[in-house]
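Please have the sequence and the 3D view ready as you read.

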Amino acid sequence: KRVAIFISGGGSNMLKLLESMQGDHPARPCVVLSNQPEAGGLERAAARGVPTEVVRHQPFGDDREGFEHAVMGVLVPYAPDIICLAGFMRKLTAGFVDRWQGRMLNIHPSLLPKYKGLHTHRRALAAGDRAHGCTVHEVTAALDDGPILGQARVPVEPGDTEASLAARVLAQEHRLYPMVLERFAQGDRRPILLP
Ligand code: GRF
């Protein structure tokens, strides 16, 4: 299976996915694509010999379809079978999602369906939650809402800050996403629930 990874920033999840796709793993990375030219993940991917592409969303303004058309034009020559969104911070329209339905994954830093959208750690702390975590799900047209393929739970500790909680969740993202991708690439959609 050929895997495209979409990033917007540092790409720590992307790096874990790249490191996992080796040996008898059923998938290999075909391209890393970013909407931000200065995304740190681009250099990390290039350093591992993975092709990278940048499609800036800024020139398209609020023309989401125009941006996605440009993404498709860059993406199709790489012939991906699976798209992994990993810290990719652009909403995708139903038109794009439909083209990739059932073949596009995302990782979100909360225990969905709780805390869809942004500032998940801040919201979990504000709610006084004792448990928090991350979710890998199939991408559908609704934001952070598709079938769940994996979840990892972490405790919220007394004195946690948004940063300390985010770090604890991110460490679990790095465990969970590669496990889910390997299972998904074999056509197995049974959810993985950690710890
Ligand atoms: C992190 O906040 C992570 O929780 C979310 O995307 C952000 C950046 O991740 N998935 P990455 O380091 O770019 O993978």
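A polar contact is a pair of N or O atoms within 3.5 Å; within protein, one must be able to donate a hydrogen and the other to accept it, and residues adjacent in sequence count only if both atoms are side-chain atoms. With that in mind, look at E173: an N or O atom in its side chain lies 2.6 Å from an oxygen atom of the ligand. On its own the ligand has 360 Å² of accessible area, and the protein covers 74% of it (Shrake-Rupley method, 1.4 Å probe).

A word on the source: this is a predicted model, where local features need pLDDT of at least 70 and side-chain atom pairs count only at pLDDT 80 or more, while totals for chains, interfaces and linings use all residues. Residues are numbered from 1 along each chain as its sequence is written, and side-chain values use heavy atoms, with hydrogens and water left out.

Which residues are around the ligand? They are G10, G11, S12, N13, G87, I107, P109, L170 and E173 (each has a heavy atom within 4 Å). By class, this shell holds three nonpolar, five polar and one charged residues; here Ala, Val, Leu, Ile, Met, Phe, Trp, Tyr, Cys and Pro count as nonpolar, Asp, Glu, Lys and Arg as charged, and the others, Gly among them, as polar.

Now step back to the space itself. The ligand sits in the largest pocket, meaning that more than half of its atoms lie within 2 Å of the pocket's grid points. A pocket is an open set of points on a 1 Å grid over the protein atoms alone, where a 1.4 Å probe fits, with protein on both sides within 12 Å along at least five of seven lines; lining residues have an atom within 4 Å of a point. Two elements give two or more residues to the ligand's shell: α1 (12-20) and α6 (162-185). Helices (H or I, at least four residues) and strands (E, at least two) are DSSP runs, numbered from the N terminus.

The lining of the largest pocket has 35 residues, with F88, M89, I107, H108 and L118 nearest its centre. α6 gives the most to this lining, with four residues.
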